[in-house]
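Biologist: Hi! Could you walk me through this structure in simple words?

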Amino acid sequence: MFAQWSSPTWILRVLLVLASLVVHEFAHALAADLQGDQTARQEGRLTLNPLVHLEWTGVIAMLIAPIGWARPVPIRPGQFRHRRLGVIVTAAAGPCSNLVIAAASFGVLRAMQPYTYGLLGTVLGILFEINLALFVLNIIPIPPLDGSRILYELLPYRQAAAYSRLEPYGPWILLFVFLVPSLNAAFSDLVYLLMSWFYGT
């Protein structure tokens with residue numbers, strides 16, 4: 001998730017990104033646990049404690065560059081009651097949690113109108129934007145993003161095997177996407193399109 005360092009509220013923005021990442025990872029852990037895989041619970045990940053979810057290299061990266069990340073939640077697909085469905089639901093839980101936060105933030109903002117100024121309004125506005133961006137980012141089917149896990153499970157075996165060969169190159173592809181201005185702009189346009197849909201409802 002890229003932080004907007006040009007904003008005067010960048011410290012608040014970084015803190016809210018980190019909090020949103022924690023909720024995202026907790027959602028993965030909870031979804032896996034509810035479907036029979038207790039790996040996350042056994043490793044202490046079934047919590048909202050940021051200390052167990054945040055990857056410190058990801059936090060440091062966010063402080064010195066416009067990107068950051070959290071520790072992926074470990075799962076054992078063989079522990080799920082229904083393996084394929086379990087992986088899909090667990091992968092989808094993270095971005096869905098971000099969509100729920102975005103929708104809730106927007107709902108409170110709309111209920112506050114016209115009293116949306118001040119710290120609370122700023123926090124809710126940033127939460128709305130950040131979590132929509134996290135939702136869009138994580139459903140992109142490029143490894144190691146959640147969208148790639150979902151797509152892998154939906155593909156027939158032969159196509160899934162071919163798709164899995166992309167995994168070692170996924171982080172480099174993502175870096176390329178966000179470093180190329182036109183592709184970065186396309187991602188931003190998609191986020192703003194979704195924001196416009198909310199504002200139009």
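Biologist: Which residues form one aromatic cluster?
Modeller: F106, F128, W197, F198 and Y199 do. For pairs of rings, the rule is that the rings of Phe, Tyr and Trp (its six-membered ring) have centres within 6.5 Å; planes under 30 degrees apart are called stacked, over 60 edge-to-face, and the rest tilted. Before we go on, please keep in mind that this is a predicted model, where local features need pLDDT of at least 70 and side-chain atom pairs count only at pLDDT 80 or more, while totals for chains, interfaces and linings use all residues. Residues are numbered from 1 along each chain as its sequence is written, and side-chain values use heavy atoms, with hydrogens and water left out.

Biologist: Good to know. How many aromatic pairs are there in the whole structure?
Modeller: A search of the whole structure gives six. One of them is F128 with F198: the ring centres are 5.3 Å apart and the planes are at 80°, so this pair is edge-to-face. F128 sits in helix α6 (residues 119–138) and F198 in helix α10 (residues 181–200), so the pair links distant parts of the chain, 70 residues apart. Helices here are DSSP runs (H or I, at least four residues), numbered from the N terminus, and strands are runs of E with at least two residues.

Biologist: What about F128 and Y199, how do they pair?
Modeller: They form an edge-to-face pair, with 5.8 Å from centre to centre and 85° between the planes. Y199 lies in helix α10 and F128 in helix α6, so this pair ties together parts that are 71 residues apart in sequence.

Biologist: Switching topic: how many salt bridges does the structure hold?
Modeller: Five. A salt bridge here is a side-chain nitrogen of Lys or Arg within 4 Å of a carboxyl oxygen of Asp or Glu.

Biologist: Nice. Which residue does R83 meet in a salt bridge?
Modeller: Its partner is E153, at 2.7 Å from N to O. R83 is in helix α5 (residues 83–112) and E153 in helix α7 (residues 146–154), so the pair ties together parts 70 residues apart in sequence. R83 counts as partly exposed at 38% relative accessibility, whereas E153 is buried at 5%. There is also a network of salt bridges that links R83, R84 and E153.

Biologist: And R149, where does its partner lie?
Modeller: The side chain of R149 meets that of E167 in a salt bridge of 3.1 Å, N to O. E167 is in the loop between α8 (157–164) and α9 (170–179) while R149 is in helix α7, so the pair joins parts 18 residues apart in sequence. R149 is partly exposed at 31%, and E167 is partly exposed at 36%.

Biologist: What does UniProt list for residues 121–160?
Modeller: An unreviewed UniProt entry gives "domain: Peptidase M50" for them. UniProt positions are in the numbering used here, feature names are shortened, and annotations may be inferred rather than shown by experiment. In the model, the chain over residues 121–160 is 78% helix and 0% strand, with its end C-alpha atoms 44 Å apart.

Biologist: Which peptide bond is cis?
Modeller: The one from P143 to P144, with omega near 5°. P144 has its place in the loop between α6 and α7.

Biologist: Last one: what is N138 in contact with, leaving aside its neighbours within four places in sequence?
Modeller: H24, P95, L145, D146 and G147, where contact means heavy atoms within 4.5 Å. N138 lies in helix α6 and is buried, with a relative accessible area of 10%.

Methods: Buried < 20%, exposed > 50% of the residue type's maximum accessible area, 1.4 Å probe, protein only.
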